Amino acid sequence: MVLLLVTAAAGLAQEKTASAGTGTQVVMLGTGTPLADPERSGPAVAVVVNGAAYLVDCGPGVVRRAAAAEKNGIKALAVDKLKIVFITHLHSDHTLGYPDLILSPWVLGRKEGLEAYGPRGLKSMTSHIEKAWTEDVRVRRRGLEQANATGYKVNVHEIQPGVIYRDENVTVTAFPVRHGIWKEAYGYKFETRDRRIVISGDTAPTDEVVKACDGCDVLLHEVFNPHGDELKEEHWKEYFATFHSSPAELGEIARRARPKLLVVYHQVLEKLPEADLVEQMKKEYSGNWVSAKDLGEY
């Protein structure tokens, strides 16, 4: 897949081919917001290493976007291989695909239960989902479908900052971020044999992102467009200042964090063209960056 990289200093677009083969890839399974935009599924990212996929967040559409990525050649994102997810926080736009991620891969043949990592409250959310679909599981297991007895189960890990996961492919470190009045919200750093990838999750500006990246290969960071009409109201000015990052703030973060590539995702476009946000980012950041689209590969 060909990507459009923006180098603000030159003001020119460049073409870059995403990593392929056994190298670490970042795949955008959703770059959207609560806005019902059919071109942007809810926030979800896959880090793919040596044929294994590690998901971050599970917004609406996550399973079908994974299926689309498999169709594009990323075999690790076959639906029955979706086995692990790291959730940044429990806002609905980041978790509405959670029941889908629990149940659909099982219905389609996954035998292993889902491993889910995230903030306090994830166990309660999972328990309620399991209760809500109790009858579905009973019918699928005991009826003519003869579904397996393991693939719908979830092993929940409520986390704290620090290293939370390690296997032969990746070490995952959680770090706290500032997302309004949420008591817990996290970003994640993935360290593999060939790359360091940092994913901000939803956050207002924080030094934690800068420290986690520190020259990383890829920094994925959210952003909002301050030109939106809502920003004319004091309430929404306060909201966005507390929950999210503006292009000017993101430019400052990126200059200090020094990523080889900045990937802007979860773009709050405020009903304005994406080009408006792109023009602002060009003015604020002179390094290599891209405004992500669903199914983009980096």
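Is Cys213 buried or exposed? Cys213 counts as buried, because its relative accessibility is 0%; here buried means under 20% relative accessible area, exposed means over 50%, and partly exposed is in between (1.4 Å probe, protein chains only). This is a predicted model, in which local features need pLDDT of at least 70 and side-chain atom pairs count only at pLDDT 80 or more, while totals for chains, interfaces and linings use all residues. Residues are numbered from 1 along each chain as its sequence is written, and side-chain values use heavy atoms, with hydrogens and water left out.

**The overall fold**
- The chain has 9 helices and 15 strands; helices (H or I, at least four residues) and strands (E, at least two) are DSSP runs, numbered from the N terminus.
- The radius of gyration of the chain is 19 Å, which agrees with the value near 19 Å for a compact globule of 298 residues. This radius is taken over C-alpha atoms, and the globule rule is 2.2 Å times the number of residues to the power 0.38.
- Along the principal axes, the C-alpha atoms fill a box of roughly 60 × 45 × 35 Å.
- Of the 298 residues, 55% count as buried.
- Among contacts (heavy atoms within 4.5 Å) with a separation of 6 or more, 66% are between residues 24 or more positions apart.

**The disulfide**
- A disulfide is a covalent bond between the sulfur atoms of two cysteines.
- A search of the whole structure finds 1 disulfide, counted as a pair of cysteine sulfur atoms within 2.5 Å.
- This bond joins Cys213 to Cys216, with an S to S distance of 2.3 Å.
- The torsion about the S-S bond of Cys213 and Cys216 is about -85 degrees, so the disulfide is left-handed.
- Cys216 is buried, with a relative accessible area of 0%.

**The largest pocket**
- Rolling a probe the size of a water molecule over the atoms shows where empty space is left.
- The largest pocket has a volume of about 570 Å³. On a 1 Å grid over the protein atoms alone, a pocket is an open set of points where a 1.4 Å probe fits, with protein on both sides within 12 Å along at least five of seven lines; lining residues have an atom within 4 Å of a point. Grid points are joined across faces, edges and corners, and the volume is the space filled by probe spheres set on the points.
- The lining has 25 residues, and the closest to the pocket centre are Thr33, Pro34, Phe240, Val268 and Glu270.
- Helix H2 (92-95), helix H7 (234-243) and strand S14 (261-268) are the elements that give two or more residues to this lining.

**Near the end of the chain**
- Val290 lies in strand S15 (residues 288-291) and is buried at 3% relative accessible area.
- Val290 and Leu261 are 29 residues apart in sequence, and their C-alpha atoms are 7.8 Å apart in space.
- Lys293 lies in the segment after S15 and is partly exposed, with a relative accessible area of 44%.
- Not counting residues up to four places away in sequence, Lys293 touches Met28, Thr31, Arg40, Glu274 and Tyr298.

**Positive phi values**
- Asp57, a residue other than glycine, has a positive phi near 70 degrees. Asp57 is found in the loop between strand S5 (52-56) and helix H1 (62-71).
- Leu295 has a positive phi too, near 75 degrees, and is buried at 16% relative accessible area.
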